[in-house]
There are 4 protein chains.
Amino acid sequence: MVRTVSGPRSAGDFVFHFGGHTPILQAAPRVPLDIFTEDAFSGRLSAVDQKPRERAPFPRVNPLTGPIAVEGALPGDVVAIHLIALVPARDWGVATVSPNFGALSGTRNNPNLQPEQDERVWIWQVDRTAGEVTTTTADGRARLAAPLRPFHGIVGVAPPHGEVRLSVVPDVFGGNLDLPEITAGTTLYLRANVPGAHVYVGDGHYAQGDGELAGTAVEGALDTRLVFDVVKARDGIEWPRIETDGEIGVVGCARPLEDAVRIATAGLVAWVSELSALSTLDAYQLVSQTCRIRIGNLVNPLYSVAAFVPKARLPGGPAIFGGVHRSLRDIA
Amino acid sequence: MVRTVSGPRSAGDFVFHFGGHTPILQAAPRVPLDIFTEDAFSGRLSAVDQKPRERAPFPRVNPLTGPIAVEGALPGDVVAIHLIALVPARDWGVATVSPNFGALSGTRNNPNLQPEQDERVWIWQVDRTAGEVTTTTADGRARLAAPLRPFHGIVGVAPPHGEVRLSVVPDVFGGNLDLPEITAGTTLYLRANVPGAHVYVGDGHYAQGDGELAGTAVEGALDTRLVFDVVKARDGIEWPRIETDGEIGVVGCARPLEDAVRIATAGLVAWVSELSALSTLDAYQLVSQTCRIRIGNLVNPLYSVAAFVPKARLPGGPAIFGGVHRSLRDIA
Amino acid sequence: MVRTVSGPRSAGDFVFHFGGHTPILQAAPRVPLDIFTEDAFSGRLSAVDQKPRERAPFPRVNPLTGPIAVEGALPGDVVAIHLIALVPARDWGVATVSPNFGALSGTRNNPNLQPEQDERVWIWQVDRTAGEVTTTTADGRARLAAPLRPFHGIVGVAPPHGEVRLSVVPDVFGGNLDLPEITAGTTLYLRANVPGAHVYVGDGHYAQGDGELAGTAVEGALDTRLVFDVVKARDGIEWPRIETDGEIGVVGCARPLEDAVRIATAGLVAWVSELSALSTLDAYQLVSQTCRIRIGNLVNPLYSVAAFVPKARLPGGPAIFGGVHRSLRDIA
Amino acid sequence: MVRTVSGPRSAGDFVFHFGGHTPILQAAPRVPLDIFTEDAFSGRLSAVDQKPRERAPFPRVNPLTGPIAVEGALPGDVVAIHLIALVPARDWGVATVSPNFGALSGTRNNPNLQPEQDERVWIWQVDRTAGEVTTTTADGRARLAAPLRPFHGIVGVAPPHGEVRLSVVPDVFGGNLDLPEITAGTTLYLRANVPGAHVYVGDGHYAQGDGELAGTAVEGALDTRLVFDVVKARDGIEWPRIETDGEIGVVGCARPLEDAVRIATAGLVAWVSELSALSTLDAYQLVSQTCRIRIGNLVNPLYSVAAFVPKARLPGGPAIFGGVHRSLRDIA
């Protein structure tokens, strides 16, 4: 059985914050759900001569589908969000470069006095056969291509402590993480901070390099099937965690970037230590010699990073959250 | 023809700085050379009950083999250093955790007032058949394993502007980059700053996770075959560049970590733009949607990062440094 | 005429967020108002053997008095908040050191694996005659003293874009700035983001060094007289601004610390340029040779900094926000 | 008795590194010495239409007078460098803004893709009577003024561990600190790393705001009288320390800026603890409530910061380095 959420399909239905909303639906654990998510510009930026800031003026960027209340999730529980399938809902995606935004520009967080860089829009075409997205340069003389790898830049829950936060800011509640691992086959674990957890999903990316340097991925609407479960973990978790068939990972969001890495890797050391009954220093040693670190974004108000270790490297072959990933994978 | 450097094999022969030395030998371009490099502790730390700081007191860590003068290299030229083969010279490697060192500890660069963490040594065994290194935890109850992937933590040249720098500090001249890509099959490009460039090699790693978090990789002596060439590039390069069969990359060293990423990615955008005749913004777009970013170390006085793009994504299939990588690969 | 706000005086009356509240009162522009603010621990931490985290568990720290609606303030306007008098409401203040908090400890934003530092409480006595606060060391053998200089660690308004934020996080809306300049005789300028602006005040400090390094100042309840005005500035402002009889300043909040300095100094260059009809580069030059930079805090989720220039250095003796500081000073 | 160093007075006599030189003279402890230091551009930039990069191409900036060998200083000792008088040697100073340099521009350490800022030169006139330096804006319509407060941007010694470093990079050996406190009446303490310590002095500043934001102060040649002493401290010191009649301070150099603050303040906590026999946490508390933090520069490869506490706040009125500051003050 799959439950389909027919909407939201119109701009008025989307929200731009984490927290403060009445859920748009209740989701039963372990029942797949189909949702639609708009692109970061609400589908309103579709030509190279349009102005991003006019079509999607800040802060009306990154519209969110949700919140979805997960039945049975109480504050402190862990919500498992398993992504089953992500399908581009359009044949094109869009990317931009904007003044005062991006990793290679001064921004409102690290301003400078240089002249601003130009604004540019690229429309990328989806080539499902080739598994690519392609575009042409401004002068039309060259074709650019990138692998088609859809994922959600944003999956998050209502923040802790009653905060209401803009959709652009990732943090302990997940959100704008921009991690390509958050795709079909992956389970994301987030701490529930309110009854029902209130899950928000959005910011579909058809392709993205590490760091989302220019400030956007190839942004595109997605038709996504996902499924939830609730883990009654004793102490819950603080930062988002990720599980795939082959790896476990922990997310950190911070500036400067090394502090995001510290959050992610210290969390991973603690998790590995707990799963495999290793001392902290032995777990630190194992993580140090085997981890993979992914920079999600280097452009949002907090940068995002995830640190991973292969499950096969964990001594003892431990059960992770009671095997919920495998169990949800089977539903899928 | 391969030229073998019989030494240095004794501790007294190694050096601990970049710059300021008379070359130990002259290397002709395109003639392979066999060298031996000691481990980071000069081979003097070989048991778990030894004290790293007594066996290899700072700054006598990271002994370097070199400098090797590359015939024909003049300041401003690019020296291509192609690694042909790296073979562990011992059946064991060593890793440590030390007070005031590592990504998850206060250090002399970012001190705190907490009690210091303990000192620990792990001896890792090389299992060439399984392609792994393995060790046991302090309590002997668990076995830890990591993939055997030898690479040089350090390859560098004499610094620009007459500086003499400790071997632990990576910078524009390469050095302690801790990038696993610097292994067999890779060409590293460095700007020559003195006649002959003066190449130094060391810091063999049998295994390492991203960031070298705990402060050391699985450190091990290496028998390495490598070959040089000189590229008479008009303007040369500033930061180290990397080429493999599949990718090109640019290195950045800085703190905070985002600035290392900025150096690497801005350099990569410029290189892609130049190679493919793309405008800066189009090259930025291509890099943004296709790049891979590797964190080399998060523990040295300057952090190191490399950003890569697949060569297949470069429009026009350009010649890179006149095809020197392919040419050296053929010699190998 | 001075209007006295009899409450809030009980813990239940305080709030712990910026945004999302109905105002507790309406304030007419240019009519002084007397308020009471609780200390950062809600007055519940008053002995050296009490546990801070039990007495004031996170996030119930930094209780706020407010919000106060300023009549006539519309979004985009500048609210001038002039502090007339700040009087310690008690004869003691309190300071702490806590695990995982402070500039010289790992924290949840930059974790490490070292053992945590101890928790400690100091009760500081107010000596109004000597103009000092004093305490004794844990072993009772030494007396510590600091100058009594009361100021508000927190003055802020409802955030832009509908966010609701914890009281500990300073940002563009002001809040937990920890700047000693925010004291009697100073006018703070904040952009109104909602009708009435919704001003919150709290976090009285009897003494504090630069950076609030250990994580708290000498925290104390205050009886404060202040007065508001509304400036119908055409474009308003983005970041908080400060005016005293002798200086003007701009605030920045960010991590890493240099980015907070960049926000503050770039804002100051722009303001000086506008006030004195200097080109950006000439204003930059003037600021570079004459500015004073104060580090407010180095412990909150965003660090705070203010950059100042002497008014006497501004060519042309310009009117600042139409002379509202002088005008409010006269009311005081 | 005052010893006068007649040279260096010509450009060829200056050096541009710390370390690696034969001393230009031997200085006896406690005998005042007169030296001349050139400005940062070797006196070659004296008109607004000259190009800084042509007149003083990198790395030939910040010429140093020295090294001066201090008789009796052995590695591990503390060299006390007391500044007696600093007199502008010319009636003008010079300041610049350059592309890719300064706190409010991308630089080679944190590059961006924006167009570069323009290059500009200001010639500042010294008005000894008014105690000011003054210049005019590019359009000639406004006069800019700053207080005349001469100090040395650079005082340093030969680096530890045999390094040779460019004059622009401050570090543990002092160097390009850009701290206005390093002026007449101040004693700077540096650890001797080589016999004789090898002191270098330069980079006179006639005026400078905090952070040296635009990349230069008002740069000017100085005639300086100074005197040395050697303190046979048991353990020596690591980072530079400063003493004035009223304060003691510790310097830190690092990126990001908060790490420079951590070095300076952790060092100050340790020093206060040692001087006053306070526990680390009590010293931390005292420093937290009373310290002053000065940002020296935010533009060099390592940023510089100093943290100070008033001597009057130190319990017990301790002797600092055996009273050498007072003793040298009396010689002056």
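**Entry 1: a covered helix**

I started with helix H3 of chain A (residues 280-290), where 10 of the 11 residues are buried. By buried I mean under 20% relative accessible area, with exposed over 50% and partly exposed in between, using a 1.4 Å probe and protein chains only. Helices here are DSSP runs of H or I with at least four residues, strands are runs of E with at least two, and both are numbered from the N terminus. The buried set in H3(A) includes A:Leu281, A:Ala283, A:Tyr284, A:Leu286 and A:Gln289.

A note to myself on the ground rules: this is a predicted model, in which local features need pLDDT of at least 70 and side-chain atom pairs count only at pLDDT 80 or more, while totals for chains, interfaces and linings use all residues. Residues are numbered from 1 along each chain as its sequence is written, chains are lettered from A and ligands numbered from 1 in the order in which they are written, and side-chain values use heavy atoms, with hydrogens and water left out.

**Entry 2: chain B against chain A**

Next I looked up the contact between these two chains, where contact means heavy atoms within 4.5 Å. Chain B puts in 57 residues and chain A puts in 57 residues. The buried area between them is about 4,800 Å², and carbon and sulfur atoms give 59% of it. That area is the accessible area (1.4 Å probe) that two parts lose on being put together, summed over both. On the chain B side, B:Leu104, B:Tyr284 and B:Gln289 supply 15% of what chain B buries against chain A, more than any other three residues.

I then picked A:Ala103, which sits in the loop between strand S7 (92-97) and strand S8 (120-127) of chain A. What does A:Ala103 contact, leaving aside neighbours within four places in sequence? I found A:Leu213, A:Leu298, A:Val299, B:Arg262 and B:Tyr284. A:Ala103 is buried, with a relative accessible area of 1%.

**Entry 3: nonpolar cores**

I wanted the cores next. A nonpolar core is a set of buried Ala, Val, Leu, Ile, Met, Phe, Trp, Tyr and Cys residues joined through side-chain atoms within 4.5 Å. The largest one has 222 residues, and C:Val199, C:Phe228, D:Val199 and D:Phe228 have the most contacts inside it. A second, separate core has 220 residues, among them A:Leu25, A:Trp271, B:Ala283 and B:Leu286.

**Entry 4: one side of a helix**

In helix H4 of chain C (residues 324-331), I noted C:Val324, C:His325 and C:Leu328 as buried. Why do they fall on the same side of H4(C)? They do so because they cover an arc of only 100° around the axis, the arc being that of the directions from the helix axis to the C-beta atoms. Among the elements of chain C that cover them are strand S6 (78-88) and strand S17 (222-231).

**Entry 5: a histidine with partners**

C:His205 lies in strand S15 (residues 199-207) of chain C. Is C:His205 buried or exposed? At 0% relative accessibility, C:His205 counts as buried. I checked polar contacts, meaning pairs of N or O atoms within 3.5 Å; within protein, one must be able to donate a hydrogen and the other to accept it, and residues adjacent in sequence count only if both atoms are side-chain atoms. The side chain of C:His205 makes one with the side chain of C:Asp203 at 3.1 Å, and another with that of C:Gln208 at 3.0 Å.

**Entry 6: cysteines**

B:Cys253 is buried, at 2% relative accessibility.

Most residues other than glycine have a negative phi, and most peptide bonds are trans. I noted some exceptions. A cis peptide bond, with omega about 0°, joins A:Gly66 and A:Pro67, and A:Pro67 is in strand S5 (residues 64-70) of chain A. Another cis bond joins D:Phe58 and D:Pro59, with omega again about 0°. A:His198 has a positive phi, near 60°, and counts as buried at 12% relative accessibility. B:Ala277 also has a positive phi, of about 55°, but B:Ala277 counts as exposed at 59%. B:Ala277 lies in the loop between helix H2 (257-276) and helix H3 (280-290) of chain B.
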